[in-house]
Amino acid sequence: MAESDAGRRDRTPSPRTDVCVIGSGPAGALVACRLAEAGHDVVILEAGPRFDGDRKTRMETHLRPDRSNPWEMGGPRDAYASSGERHYPLNAARVKGVGGSSLHWHGMVMRLHERDFELRTRHGIGVDWPISYDDLRPFYHGAERELGVAGAVDNPYAPPREEPFPLPAFPPSYADSLFAPACEVLGIDMHSVPNARNSEPYDDRGACVGYGTCKPVCPSGAKYTAEVHVARAVDAGARVVDRAPVQRLVHDAAGDRVEAAVYATPDGTEHEQEARRFVVAAGGIETPRLLLLSRSSAYPDGLANSSGAVGRYFMDHLFAGMGGRLDVDTRQHHVGFNTSESHQFYDGTDPVNGLKLEFLNYAGPTVVGAALSADTWGDDLRTRLDETYGTHVGMGALVEQLPRAENRVTLDPSTRDDHGNPVPDVRWSLDGRTKAALRRANDLQARVLDELGATIEWRVGPANTGPAFHHMGTTRMGTDPDESVVDASLRTHDLANLWLVGSSTFPTGGAMNPTLTIAALSLRASERIDADL
């Protein structure tokens with residue numbers, strides 16, 4: 001479990017260091033690793049704990065009927081507000097700790113498509129990125145090597161690439177073999193899913209052994225977490241200070257440079273970590289929140305917020321899904337992640353937002369979950385399992401949400417965290433274009449499941465959709481300082497020594513899981529920061 005003796009670790013600040021990285025998820029860990037391995041002095045400040053101990057215990061915590069959070073989220077530390085049109089369940093899928101939300105992510109890693117970088121130019125919607133797919137392409141390849149991506153070059157709709165994936169793809173699941181004939185009849189193409197989990201031993205980690213609990217915990221370590229790069233950074237000389245939530249950033253008298261990160265330790269003591277360069281990698285919610293908490297006379301609306309864009313243009317991917325039962329064995333949860341998708345309906349000239357179809361291997365209960373939630377034993381339990389497990393089938397989809405200024409992260413002064421700071425307030429709503437894309441996804445899913453002969457038992461569409469918890473857009477990149485927060489290298493327009501890395505910098509979000517793009521941008525930013533030191 002997390003360290004119980006909060007006083008055991010030295011959490012006093014280091015002498016003025018080269019780089020202070022705030023956050024240890026994939027973005028912060030990759031930047032810290034690259035810069036430490038380049039010979040720079042690096043300190044990582046992480047709000048959450050180091051999760052030491054047996055991951056199998058965390059898996060068991062998740063599988064038990066009460067389904068308590070294995071990553072200890074909740075309480076005053078993680079309080080939030082949601083005052084928008086739709087409630088945003090922020091704590092349902094995030095982790096504060098060394099490794100960040102990669103501790104519980106699903107591990108699917110796709111590149112954004114070329115259209116995602118130039119939506120305004122191609123379709124007159126959203127905005128263009130200040131970089132192109134070709135600019136990011138070599139860093140995508142580097143990110144796939146760093147994360148250990150298993151994949152196959154079998155997706156005719158994927159953006160161009162020459163390099164093979166580092167690891168062979170996982171074979172299609174048994175459930176995929178059930179979907180395939182129906183999709184063939186309907187003319188829907190299926191292809192493999194790149195996954196940041198080992199299909200064979202890689203990077204001193206073993207191959208996937210099929211626990212099936214990929215989200216929220218991989219007991220075997222086959223799925224990548226940012227702990228890999230935190231450990232490499234430490235081996236190269238970096239220092240990690242855990243349970244050290246940064247309260248605010250302090251700038252110089254001129255307002256041109258950040259001088260220190262003020263962080264609190266578990267006993268409430270505040271310290272200042274000084275550095276030559278600062279990198280904030282705290283995610284799409286906590287990054288803008290920290291900037292807003294760092295307001296000053298020079299920046300009355302929040303640090304690095306001369307544009308007014310900090311916190312605005314919040315985006316997520318919306319989930320559309322449908323599923324039910326078949327009268328044949330489906331072997332649900334034998335694989336805890338997707339092995340097949342369809343990107344056939346992602347690009348093109350259709351004005352409806354992009355979407356990708358997912359063929360789920362984990363619809364319905366696990367056999368363990370079904371057994372633990374049963375109130376019977378022996379033959380009755382066997383009968384109960386036969387009735388509740390093994391015939392479920394389902395499809396999902398991620399749908400693109402375009403940036404809108406009214407979707408934003410602000411501060412809620414009426415609610416305070418455990419250090420007395422206003423909590424984040426997520427204001428979130430859906431527009432007609434997003435709802436139309438959700439209906440389109442449901443229509444495609446209904447066609448496939450009808451062809452399959454499934455009895456539909458559940459549907460997630462425009463009325464009851466929920467987020468994929470991919471927080472994007474709240475410190476967007478751009479060339480115009482009046483409309484964006486960071487430039488193409490992810491350095492803030494306002495402060496010369498402050499970089500923001502992660503999905504908060506995405507101008508648009510597409511409909512692809514964002515972590516590979518986060519990693520690629522982080523590798524690209526690392527080169528720029530290294531050159532600046």
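**A walk through the chain**

Visitor: Welcome me in: what percentage of the 533 residues of the chain count as buried?
Guide: Please keep in mind that this is a predicted model. A residue is buried when its relative accessible area is under 20%. Of the 533 residues in the chain, the share that passes this test is 59%.

Visitor: How many helices and strands does the chain have, and why does it count as compact as a globular protein of that length?
Guide: The secondary structure comes to eleven helices and 17 strands. For 533 residues the globule rule gives 24 Å, and the chain is close to that, so it is as compact as a globular protein of that length; its radius of gyration is 23 Å.

Visitor: Among contacts between residues at least 6 apart in sequence, what percentage join residues at least 24 apart?
Guide: A contact here needs heavy atoms within 4.5 Å. Taking the contacts in the chain between residues at least 6 apart, the part joining residues at least 24 apart is 74%.

Visitor: Which residues have the most contacts inside the largest nonpolar core?
Guide: That core has 88 residues. A second, separate core has 35 residues, including Phe179 and Leu444. Back in the largest core, the residues with the most contacts inside it are Val42, Leu147, Leu249 and Leu498.

Visitor: Which residues does Leu249 touch, leaving aside its neighbours within four places in sequence?
Guide: Among its contacts are Ile22, Val258, Ala260 and Ala261. Others on the list include Val280, Leu290, Leu291, Ser294 and Leu303.

Visitor: Is Arg243 buried or exposed?
Guide: Arg243 sits in the loop between strand 6 (239-241) and strand 7 (246-251). Its phi is positive, about 50°, although it is not a glycine. Since buried means under 20% relative accessible area, Arg243 at 19% relative accessibility counts as buried.

Visitor: And what is the relative accessible area of Leu490?
Guide: Leu490 is found in the loop between strand 16 (455-460) and strand 17 (498-500). Leu490 is not a glycine, yet its phi is positive, near 75°. Leu490 is buried, and its relative accessible area is 1%.

Conventions
Residues are numbered from 1 along each chain as its sequence is written. This is a predicted model: local features need pLDDT of at least 70, side-chain atom pairs count only at pLDDT 80 or more; totals for chains, interfaces and linings use all residues. Side-chain values use heavy atoms; hydrogens and water are left out. Helices (H or I, at least four residues) and strands (E, at least two) are DSSP runs, numbered from the N terminus. The radius of gyration is taken over C-alpha atoms; the globule rule is 2.2 Å times the number of residues to the power 0.38. Buried means under 20% relative accessible area, exposed over 50%, partly exposed in between (1.4 Å probe, protein chains only). A nonpolar core is a set of buried Ala, Val, Leu, Ile, Met, Phe, Trp, Tyr and Cys residues joined through side-chain atoms within 4.5 Å.
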